[in-house]
Amino acid sequence: MRRNLLWVLLGVVLLVSYIASSLIEFLVDVIWFDAVGYSQVFRTIVVTQWGLGLTGGLIAFGFLYVNYAYALRQIGDPGQFIPPELMATPLGGLLGGRSLKRVALLLSAIIGLLIGLTVSGAWETVLLYRHGGSFGAPEPVFLKDAGFYVFTLPLFDKAQSYLWSLGFVALLGVGATYLIKFQAERSAPNNVITLGGFSDRSRWHLAVLAAYMLALMAIGQYLNRFASLYEAGGLFTGPGYADIHGTIPVLALKAVTCVVVAGVVLWALPRQRYRDLIGGAVLLIVVWIGGNVYTSVLHRFVVSPNELEKERPFLKDHITATNKAFGLDQVIERPLNEDTDLTAKDIAQNQATINNVRLWDHEPLLQTFAQIQEIRTYYTFVSVDNDRYRINGELRQVMLSPRELSPAALPSRTWVNERLTFTHGYGLTLGPVNRVNEQGLPVLYVKDLPPKSQYPELAVTQPEIYFGEVPDDYVFVKTHQKEFNYPEGD
């Protein structure tokens, strides 16, 4: 009694710990989204996750329990083929008819819960499907809009995977149940499994589940036809000659074959037609292997010897789609026929442009900033960016880089240091794009710690950098622990 109570108490502690951890994460997300003004976005995400999880979990639970309960009903009373000695033990109590149904109910609930948690992760796919639209750009193969591939096809793929997984889990449990019954009831000790050893209802049950999975395999192959339009190829992304004349027709043939074999299974398995079942399996294997071999041969002996010529029309489609996706099809081309010489007058009339010609390269300048302005090892410059500011009434192009904090380089990586004290970077380094000093170093308009600006227009009033390009974890601010801004003295 005490041992059972201990196990129950341990389970409750683990459950409470898990719930508490998840609740803390949830509350942090609530506060975060509310702080940045996106509470409605967070509510939409949470409602979608819960809706998907409950719906997917309940459907999985119902589907599995119906199949498991039906299979257990075909077994009847397990006591008729279980030794009396075993039935007299606690394990035998679990093998009773009512207990087995409870086990099936519990097992279905656990699997349904796990599947529901998995399905809830598809919230983004569902929201994209609900709120997605048309791009107004049909592709040349199936003539479907690009929005179908971005918003619709991912949802279809996930739905097909979900339904197929349900069938697979159900078939495993049902098949194991019928196999155990078959092994317990047969009189002759041999290793041959015959369909005659199963009841008519058991065979029909297995046939329906097998046909269900084959039908979903057909749907999967049908959807793969569309997925082939954005898979990376040798020369470009998208379908080429071998895909159009090999892969896509083969996928269609596989889908049709799966449907045919599903019908064969429904017909032959309940009637114990071994030849028909073997013929269906052989047909499926031949189409699967033969289709893959055909596609490989087509690419090897038809496309490869003259690849550029064979792929030319498909490469043209790829370029057209790429130009449209990036808006390059709207670029207006104008010939530049100006061939006059550049004069001093031209330079004088375009002095603002000349004064902003960039001489510094980004990579060497980034290394220079790191050498002269990082100041401490836990500061880092990640990248250099170009910007423009009006200085003394003149628009000047500058190059700048924020001084970010690198937690990995802290001299003492304690929790207090990483989460409460060293919470942010500080200031930046900024200079013109075309000036150097006597030492060959860049001239800096903003430099040092705390930031010092050469011009009032560039004065830094809030130098703390909490969000930047350095990957980092969470920090806590406005606590009793003083935050570190910058080092002073030595």
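Tyr-378 is buried in this predicted model. Its relative accessible area is 8%, and the cut-off for buried is under 20%. The ring of Tyr-378 has a partner in Phe-484. Their centres are 5.9 Å apart and their planes stand at 80°, so the pair is edge-to-face. The two residues come from distant parts of the chain, 106 residues apart. Tyr-378 sits in the loop between helix H14 (362-373) and strand E1 (379-380). Phe-484 belongs to the segment after strand E9 (464-465).

Phe-484 also pairs with Phe-422. Here the ring centres are 4.8 Å apart and the planes meet at 35°, so this pair is tilted. Phe-422 lies in the loop between helix H15 (415-421) and strand E5 (425-426), while Phe-484 is in the segment after E9, so the pair ties together parts 62 residues apart in sequence. Phe-422 and Phe-484 are both buried. A pair of aromatic rings is described by two things, the distance of the centres and the angle of the planes. The count of aromatic pairs in this model comes to 24.

Another group of rings includes Phe-148. Phe-142, Phe-148, Tyr-149, Phe-156, Tyr-222, Phe-226 and Tyr-230 form one aromatic cluster. Phe-148 lies in helix H7, which covers residues 146-185. Is Phe-148 buried or exposed? Phe-148 is buried, because its relative accessible area is 15% and buried means under 20%. Setting aside neighbours within four places in sequence, Phe-148 is in contact with Leu-153, Pro-154, Phe-156 and Phe-226. Phe-135 is 13 residues from Phe-148 in sequence, and their C-alpha atoms are 9.0 Å apart.

Charges also meet rings. The charged end of Lys-144 sits over the ring of Phe-148, 4.8 Å from its centre. Elsewhere, the charged end of Arg-300 sits over the ring of Phe-301, at 5.4 Å from the ring centre.

Trp-32, Val-36, Tyr-38, Val-41, Tyr-466, Phe-467 and Val-477 make a nonpolar surface patch of about 710 Å². One of these residues, Trp-32, is found in helix H1 (residues 2-35). Trp-32 counts as partly exposed, because its relative accessibility is 44% and that class runs between 20% and 50%.

Some backbone details deserve a look. The peptide bond from Leu-449 to Pro-450 is cis, with omega near -10°. Pro-450 is in the loop between strand E7 (446-447) and strand E8 (452-453). Gln-272 has a positive phi of about 60°, although it is not a glycine. Gln-272 counts as partly exposed, at 31% relative accessibility. Ile-375 is not a glycine either, yet its phi is positive, about 70°. Ile-375 is found in the loop between H14 and E1, the loop that also holds Tyr-378. Ile-375 counts as partly exposed at 38% relative accessibility, whereas Tyr-378 is buried.

Last comes the whole chain. The chain has 15 helices and 9 strands. Of its 490 residues, 34% count as buried. Among contacts in the chain with a separation of 6 or more, 69% join residues 24 or more positions apart. The chain exposes about 31200 Å², and carbon and sulfur atoms supply 62% of that area.

Notes: Residues are numbered from 1 along each chain as its sequence is written. This is a predicted model: local features need pLDDT of at least 70, side-chain atom pairs count only at pLDDT 80 or more; totals for chains, interfaces and linings use all residues. Side-chain values use heavy atoms; hydrogens and water are left out. Helices (H or I, at least four residues) and strands (E, at least two) are DSSP runs, numbered from the N terminus. Buried means under 20% relative accessible area, exposed over 50%, partly exposed in between (1.4 Å probe, protein chains only). Contact means heavy atoms within 4.5 Å. Rings of Phe, Tyr and Trp (its six-membered ring) pair if their centres lie within 6.5 Å; planes under 30 degrees apart count as stacked, over 60 as edge-to-face and the rest as tilted. A charge sits over a ring if NZ of Lys or CZ of Arg is within 6 Å of the ring centre and within 35 degrees of the ring normal. Patches are made of residues with over 30% relative accessible area and no salt bridge: like charges are joined within 9 Å, nonpolar side chains (Val, Leu, Ile, Met, Phe, Trp, Tyr) within 5 Å. Accessible areas come from the Shrake-Rupley method with a 1.4 Å probe; for residues, only the protein chains shown count as cover. A salt bridge is a side-chain nitrogen of Lys or Arg within 4 Å of a carboxyl oxygen of Asp or Glu.
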